[in-house]
Amino acid sequence: MSGAALGLEIVFVFFLALFLLHRYGDFKKQHRLVIVATLLAWYLCFLIVFILPLDVSTTIYNRCKLAVNSSPAESNGSYVTLAPSKQKCFKPWSYIPNGIMPIFWRVVYWTSQFLTWILLPFMQSYARSGGFSITGKIKTALIENAIYYGTYLLIFGAFLIYVAVNPKFNLQWNQLQTIGIAAANTWGLFLLVLLLGYGLVEIPRSHWNGAKRGYLLMKTYFKAAKLMTEKADAEENLEDIMEEVRKVSESIKYNHPLRKCVDTILKKCPTEYQERMGRNMDDYEDFDERQNSYPSEKSLVKLHKQVIYSVQRHRRTQVQWQILLEQAFYLEDVAKNETSATRQFVHTFHSQEPENKIIQYFYTPTVEWYWECLLRPWFYRVLAVVLATFSVIVVWSECTFFSTRPVLSLFAVFIQLAEKTYNYIYIEMACFLTIFFLSICVYSTVFRIRVFNYYYLASHHQTDAYSLLFSGMLFCRLTPPLCLNFLGLTHMDATISHKNTQPTAYTSIMGSMRVLSFIADGFYIYYPMLVVILCIATYFSLGTRCLNLLGFQQFMGDSEMTSDLIDEGKELIRREKRKRQRQEEGENRRREWKERYGNRDDSTRNRVVHTDQKESSFSETNANRSLSKYTRSNGRTERDRIELLQDAEPLDFNADSVNDDPLEAESGRYQPGGRYLSMSRSKIFDDV
């Protein structure tokens with residue numbers, strides 16, 4: 001099993017990152033480089049989280065083996081003996097051979113740092129650029145990132161000059177590398193504590209509120225009112241941008257040098273706008289540079305950028321509105337079915353997507369009723385209590401992990417108890433649950449936050465390229481300090497435990513933080529205590545109240561604005577529900593009409609054809625000419641009757657010309673002289 005666990009986790013994490021990226025991104029419409037870069041950033045960050053418990057168990061085994069094989073005289077104080085010299089160490093099932101983990105961590109860490117500080121910021125500007133060529137987009141990206149890169153180069157250059165001039169410092173390359181890593185981790189830890197303090201409170205509270213049907217329904221109404229405002233704003237913005245595109249398309253004709261740029265912009269517009277602009281376009285009109293003023297290429301680049309943004313925003317709001325409607329209808333169905341005596345879940349509307357037959361077989365209406373109306377609220381309450389317990393343990397450990405005698409961090413206590421018995425499965429499970437919960441609290445906050453319309457991770461393939469790349473940057477900056485914080489909570493970091501023991505492979509790549517003592521002994525230890533203040537602020541919704549005072553409507557139960565938006569959203573949902581009910585009733589009437597009268601026409605046609613065939617066969621087999629004559633006359637009479645029935649319009653012999661189209665005289669009235677005049681060109685039976 002040596003290395004098998006590492007290989008399995010590498011494959012599993014890849015498909016996990018691919019699944020999440022497929023949920024938020026759009027593989028068909030977005031650029032391949034954006035998809036690859038975001039997938040690589042997410043994959044590396046998730047990989048660090050899943051592989052670190054294996055590094056911990058391997059390090060504990062190496063410490064045991066070193067303590068058993070060495071005596072106190074041979075060790076010379078270089079390692080602390082953790083077990084008696086005669087105790088036998090058992091190799092863990094997930095043991096990774098020496099030399100693999102340091103190389104693995106070095107490749108993963110420096111690749112993620114290259115992505116977050118160099119490649120992803122450049123690709124963000126490239127994705128948002130409105131240039132019409134690759135060279136133009138690269139030029140725009142370089143100009144936008146000149147200040148970003150120049151600031152870091154200026155700080156780094158000033159630091160190098162200070163070190164070179166000051167004779168007290170004799171830094172080597174490894175120390176400079178450690179300082180760079182410490183600077184990046186310090187920035188990441190600053191952001192990590194902010195996101196962690198929010199997630200530790202909000203995740204248990206959201207699951208607890210998930211058990212309240214009325215709360216979820218009121219919040220859905222609130223979201224509907226806000227989303228309708230955003231949807232109307234997106235439609236208005238799109239109309240304005242399309243009007244500008246129409247003016248540019250009409251002014252720049254087919255033989256203008258910038259016509260290719262206009263065609264590129266038109267391809268990004270929705271189909272209905274393209275057809276509308278195409279009908280108003282006269283390709284045979286020449287342009288005259290002296291008489292007309294034409295937009296410049298720079299203005300077309302700006303217009304192209306606005307078109308991409310407005311179309312993406314309009315499409316996203318449309319999809320989110322449909323998803324929110326389905327959610328609101330479902331919550332209303334749950335509220336109605338809670339008082340059902342039959343204990344079978346009844347949906348107001350049928351699902352538009354075909355359901356899996358296996359799911360339909362097991363997830364029957366009775367099972368659905370018991371889960372949605374009875375079991376699910378209790379499940380969410382129990383899960384919320386468990387998550388709240390984990391949050392309390394994390395907050396306590398963050399405030400006490402610097403204490404080594406006695407050990408107050410609960411995670412460190414759990415790991416040290418398992419280390420005494422070398423129960424590697426328990427060690428790996430405890431480490432995995434700890435770092436997984438920390439990652440959920442941090443990463444879920446990244447998925448929830450929204451910076452106006454510039455950064456927003458929307459599910460169902462509605463996230464733009466800029467937001468995907470920005471999320472990759474955040475993950476790459478947050479994951480290394482998250483792992484160091486986890487190692488500090490479990491006292492696996494020598495900087496925290498103050499023990500001269502063998503470090504983990506991940507800590508050895510980070511280097512010794514003793515080079516910057518004020519960071520190692522100050523910031524890394526005392527700054528995580530701020531998570532207590534952030535948790536208290538999140539519990540009392542101080543951030544939500546501040547945003548509400550600034551004019552950003554937030555869901556607050558004791559606010560008059562919230563009540564007004566809830567009523568508005570309820571009316572919007574009711575209106576959409578009536579609209580969908582009328583559509584389904586119309587479809588049902590058309591289906592019933594088709595089944596009733598369509599089948600009757602088919603049966604009449606089949607009966608007539610069968611009679612004709614019967615008469616024909618009878619006339620051929622009969623030898624008597626008289627009988628054959630009568631049979632043929634009967635067949636001829638039947639065929640004449642059929643032709644009369646199929647004739648849609650009687651012939652008008654007094655008319656000047658004969659109309660061959662029977663539909664034009666389908667509904668008319670008789671006039672003197674034998675004429676039938678049509679009552680209206682818009683047929684009165686079209687609705688039927």
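Reader: Why is the pair Arg 205 and Glu 202 called a salt bridge?

Author: A salt bridge needs a side-chain nitrogen of Lys or Arg within 4 Å of a carboxyl oxygen of Asp or Glu. For the side chains of Arg 205 and Glu 202, the N to O distance is 2.9 Å, so the pair meets the rule. By this rule the count comes to 12 salt bridges. The model is a predicted one, in which local features need pLDDT of at least 70 and side-chain atom pairs count only at pLDDT 80 or more, while totals for chains, interfaces and linings use all residues. Residues are numbered from 1 along each chain as its sequence is written, and side-chain values use heavy atoms, leaving out hydrogens and water.

Reader: What separates Arg 205 and Glu 202 in helix H6?

Author: Arg 205 and Glu 202 are three residues apart in helix H6 (residues 173-209), which means about one helical turn. Helices here are DSSP runs of H or I with at least four residues, strands are runs of E with at least two, and both are numbered from the N terminus.

Reader: How do you know whether Glu 202 is buried or exposed?

Author: Buried means under 20% relative accessible area, exposed over 50%, and partly exposed in between (1.4 Å probe, protein chains only). Glu 202 has 14%, so Glu 202 is buried. Arg 205 has 23% and is therefore partly exposed.

Reader: What makes Glu 230, Arg 316 and Arg 450 a network?

Author: Salt bridges link the three residues. The closest N and O atoms are 3.3 Å apart for Glu 230 with Arg 316. Glu 230 lies in helix H7 (residues 213-251) and Arg 316 in helix H10 (residues 297-337), so this pair ties together parts 86 residues apart in sequence. For Glu 230 with Arg 450, the closest N and O atoms are 2.6 Å apart. Arg 450 is in strand S1 (residues 450-451), so that pair ties together parts 220 residues apart in sequence. Glu 230 is buried at 13%, and Arg 316 also counts as buried, at 5%. Arg 450 is partly exposed at 34%.

Reader: Which residues have the most contacts inside the largest nonpolar core?

Author: They are Trp 42, Trp 105, Leu 200 and Tyr 506, in a core of 97 residues. Helix H2 (residues 32-69) supplies the largest share of this core, 21 residues. A nonpolar core is a set of buried Ala, Val, Leu, Ile, Met, Phe, Trp, Tyr and Cys residues joined through side-chain atoms within 4.5 Å.

Reader: What does Leu 200 touch?

Author: Among the residues that Leu 200 touches are Val 394, Phe 437 and Val 531, not counting residues up to four places away in sequence. Contact means heavy atoms within 4.5 Å.

Reader: Why is the peptide bond from Arg 405 to Pro 406 worth a remark?

Author: Most peptide bonds are trans, and most residues other than glycine have a negative phi. The bond from Arg 405 to Pro 406 is cis, with omega near 0°. Pro 406 is in the loop between helix H12 (365-400) and helix H13 (410-421).

Reader: What is the phi of His 461?

Author: His 461 has a positive phi of about 65°, although it is not a glycine. His 461 sits in the loop between strand S2 (455-456) and helix H15 (465-489). At 31% relative accessible area, His 461 is partly exposed.
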